[in-house]
Amino acid sequence: MSYLEHTVKYTPSGPRKVFYLNWPIAVLLASVAAIGFLMLYSVAGGTLQPWAEPQMKRFAAGFVLMLGIAMMPLYFWRNVALVAYLGTVALLALVAVMGEIGMGAQRWIDLGFIRLQPSELMKITLVMLLAAYYDWLPLSKVSHPLWVALPAAMILLPTLMVLGQPDLGTAILLLAGGGAMMFLAGVHWAYFAAVIAAGVGMVTTVLQSRGTDWQLLNNYQFRRIDTFLDPSADPLGAGYHITQSKIALGSGGWAGRGFMQGTQSQLNFLPEKHTDFIFTTLAEEFGFIGAISLLGLYALIIFFCVVSALSNPNRFAALLTLGIAATFFLYFAANMAMVTGLIPVVGVPLPLVSYGGSAMIVLMAGFGLVQSAHVHKPR
Amino acid sequence: MRRPSRETAQSQRRITRRGLVLGGLQLGVLGTLGFRMHYLQVKEAEQYRFLAEENRINIELIPPTRGQIFDRTGRIVARNVPAYRITMTRKDAGDVDSVLARLGALIDLAPEDIATALEELRTRRGDTPITVADRVTWDEISRVAANAPALPGVTPEVGLSRTYPLGADFTHVVGYVGPVSDYDLARIDAPDRLLLMPRFQIGKTGIEAREEDRLRGKAGTRRVEVNAAGRVMRELDRREGQPGTDLQLATDYMLQNYVQARLGEESAAAVVIDTETGDLLAIGSSPAFDPNLFVNGISSTNYNALLQNDHRPLVAKSVQGVYPPGSTFKMVVALAALESEIITPEETVRCRGYIEVADNRFHCWKRAGHGNMNLHTALRESCDVYFYELALKTGIERISAMARKLGLGQRYDIPMSGVHAGLVPTREWKRAARGADWVIGDSVNAAIGQGFVLASPLQLAVMTARIATGRRITPRLIKSIDGVEQPSGHGEPLDINENNLRAIRRGMFSVSNNNRGTAFSSRILADEFRMSGKTGTSQVRRITPAERRAGVTRNEDLPWNRRDHALFVNFAPHDLPRIAVSVVVEHGGGGSATAAPIARDITLQALYGDDPPLSAYPAKDRARISSQQEKLRDLRPPARDDRPTRA
């Protein structure tokens, strides 16, 4: 590293940081959110209430939060990663206990202005912790069994807690997100091969457990699997969601049926049309062109994250950015795969578009971290 | 962990490599998603578009308006009225119990209705409307509508329901409608989809049932857009159906009302037929019942009362009831004998009170005997022996042929339920039906309308009309269909010698105008409306020797259901007949005492078109008739039907 190179490296500070934000990502996030407002306006029958307006307010709050997080130096976030993780685990434990002591099973904590789901928050804090861990761990020890077991435990602890809520979808996303982090950090291929093999074995076991006294999933979860495999078997019962969703998607055709003209969503044939199944409304009203455009916007967000990460020499920053991007990717890919009938219905919202506070705020916080990594990149 | 992040080339290389692999994986997933969308939205779009349309578009039937039924003067006999009901949807109601409680405070709801409604609301899908109250009044509907904000999920609905403004008067003619039952559906090969609509009404008896196809009309359809809850959002298009055809009866509502009222609570039937057209001006049967009870399902208490009544109100005795015609059959025997030139009107037969045939003694009703009788006096005094002799000479085959010629023993094609063919016996019939040979005694019995002969009041009226006119009159119940006049029952000449007919008619004239006639006490004094008739008394069962020993010698001493049937047939005016009438009073005793006065009153009412002047009656009857007229006037329907003729 020559003296010259050293002097051109520059890290912005103070209000100047604003100029170094990753503006393409910010603009893409706003665009996706705007599509969300439009769809929420449409499914409400052409009114801002009850969904579009609150969603706008939340996005505004989330955007400010993102900027705030972006302004904080990156090392701060690395240093609080462990605390944040442990705090989220504590919150998960708290909701579990609250469910136990009679407030009814719930997954959220009411903060007044928002109902925070600790499981959502965990997606981000887990990525933070793993990024910090692999930043700290010497590269040579990454594939050492002991140093693999530790992050595996970090992932499994919240995953099991979320599974116990029970929230299969989020648990799988946590597992996959954590796995992606380990993969990015350079853990040996063999571990992943082993885990996948074990996973296949476990799925088989779970399916075998059905109807026995050691049944591993709830009956409704088994039914969802059945429905996925053959939605037409019970079109008005369990298969209703996916059947109606596919009809909505398919009837959109190339160009869609027009804004607020989707019969499936406007006439309430679509279930959960403002949350998990909002993508079908978009696909119905704006057709294949609309659907593929949203997919494109999401892909661009991932692309800019990857570009930002790969050009960042800071290991924590790179891992963090790629981890957040991977989590974000898992979100929308799982949702889209679900509504198009590629995977069973697991209850994953479409990030930034589905109505819902927790996911929106948490994701914007996550992108705050991405922005922070970008802003504080040595240049 | 306050320590700078690692920034080594090796770390960055590895992250880059792994990052690119992961990126590639993500790209693959994105590609899969893109292909999936392309598959669903472009390749399979048409199929899914079809499914979406199928989802949102419902084809609904528009029930046609049932054809109305009018009497010959245009008075409404059966019409459709708006029927209001109140439905409730659980999903919209929220707190079902409190909403129902509020509803119960507004309208008349029986506790058991609330219980059934609650049960249904709980068990059916939340978005299915449940009928909470049926047949509610307009007042109640407006009260519910005014309080709509306090009654979420409660909807007043309107449909059409049948109603019979004249009540019981036409019940046996027109019949009634009712909701389609499983039994109805089972009888129909390919039921119209209309019949599957809840609460759709079809004809159950009478004209309503027989003319169902005409009255029902054709359903229209409308395509509506519905939401997932099945609620109609808007109508896309509609194809109008065809309302049912209106029918006009040949019956006169005023006369029909009079007949029903005059028969009163007797178990009886009376038919008035127009001798020009065959129009059934009145076709009454009593006791009757209110057909409106059946429209929405009759209560089992009411139904059982109707079923168990020994006067059988459910039976239309005018066409379903068949009776031995008794002495009213004597015209048939006489005509058969005259036409076969076996006797002349002037030939006499000596009545000693009985004849002996094949070791059996057949009595005349007058045990002392009538002495020498010719056709005229035998008819007038209803001498049995004279007709025994005639029947023996004429033979059953000729008598049966004449009976058929005069309209007995055949089913008339009028759209009422259970129209009975009656029975005109022949040798062949007896062998086939009874497995026995015709014996001479059978002919003797047939001579006075006993034994096997059976006729309905309708057939007796037709017979009388044919005697009065010499034409083959057939009854007509439907005067016009949708304004198109139906063929009249005027009929061709019967090919019976007019002189013979005249002899019979003269005999019948004397029955009610000669002081020796059996119906002299029921004569008509108005010269222009003099009537000719014939009494009949048909035995239900002989008085047994045991009963005779126990002191029962008279009919009135027997229990009601063993007494004789009383019959009377007549036509009037004698010189230029306009109507023919038949009256049968079940177990009424004697034809001259019970049936003839009824027939006379009906005849006068029909000829005058209103209450006749008392001068038309014999002087000693006038006081009784006057009070009877007053009583029956109270039972008349209001003079004008001021409601609109179209519902």
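Student: Leaving aside neighbours within four places in sequence, which residues is Val333(B) in contact with?

Tutor: Two residues are in contact if their C-beta atoms, placed from the backbone, lie within 7 Å. With neighbours up to four places away in sequence left aside, the partners of Val333(B) are Phe387(B), Leu390(B), Ala391(B), Thr394(B), Ile399(B) and Ala447(B).

Student: In this predicted model, what pLDDT do side-chain atom pairs need in order to count?

Tutor: Residues are numbered from 1 along each chain as its sequence is written, while chains are lettered from A and ligands numbered from 1 in the order in which they are written. The model is predicted: totals for chains, interfaces and linings use all residues, local features need pLDDT of at least 70, and side-chain atom pairs count only at pLDDT 80 or more.

Student: How many residues of helix H15 of chain B are buried?

Tutor: Helices (H or I, at least four residues) and strands (E, at least two) are DSSP runs, numbered from the N terminus. A residue is buried if 20 or more other C-beta atoms lie within 10 Å of its own, exposed if 12 or fewer, and partly exposed in between, with C-beta atoms placed from the backbone. Val333(B) is one of the buried residues of H15(B), which also include Lys330(B) and Met331(B). Helix H15 (330-339) is largely enclosed by the rest of the structure, because its buried residues number nine of the ten.

Student: Which residue in E21(B) is the bridge partner of Val272(B)?

Tutor: Strand E11 (268-274) and strand E21 (579-585) of chain B are antiparallel and pair over seven bridges. Val272(B) has as its bridge partner in E21(B) the residue Val581(B).

Student: Which residue in the hairpin turn between E17(B) and E18(B) has a positive phi?

Tutor: E17 (478-481) of chain B also runs antiparallel to E10 (247-249), with three bridges. Two bridges join E17(B) to E18 (484-485), and Ile481(B) stands opposite Val484(B). The hairpin has two residues between its strands, and the one with a phi of about 55° is Asp482(B).

Student: Is His587(B) buried or exposed?

Tutor: His587(B) lies in the loop between E21 and helix H24 (591-608) of chain B, and its phi is positive, about 50°. Because 21 other C-beta atoms lie within 10 Å, His587(B) is buried.

Student: Where is the proline of the cis peptide bond from Ala572(B) to Pro573(B)?

Tutor: The bond is cis, with omega near -10°. Pro573(B) is in the loop between E20 and E21 of chain B.

Student: Which helix gives the most to the side of chain B that touches chain A?

Tutor: In all, 40 residues of chain B are in contact with 47 residues of chain A. The elements giving two or more residues to this side of chain B are H1 (9-43) and H2 (45-56). With 21 residues, the helix that gives the most is H1(B).

Student: How many residues on that side of chain B are charged?

Tutor: Ala, Val, Leu, Ile, Met, Phe, Trp, Tyr, Cys and Pro count as nonpolar, Asp, Glu, Lys and Arg as charged, and the others, Gly among them, as polar. On the side of chain B that touches chain A, 16 residues are nonpolar and 14 polar, and the number charged is ten.

Definitions and conventions. Two strands pair if DSSP finds at least two bridges between them.
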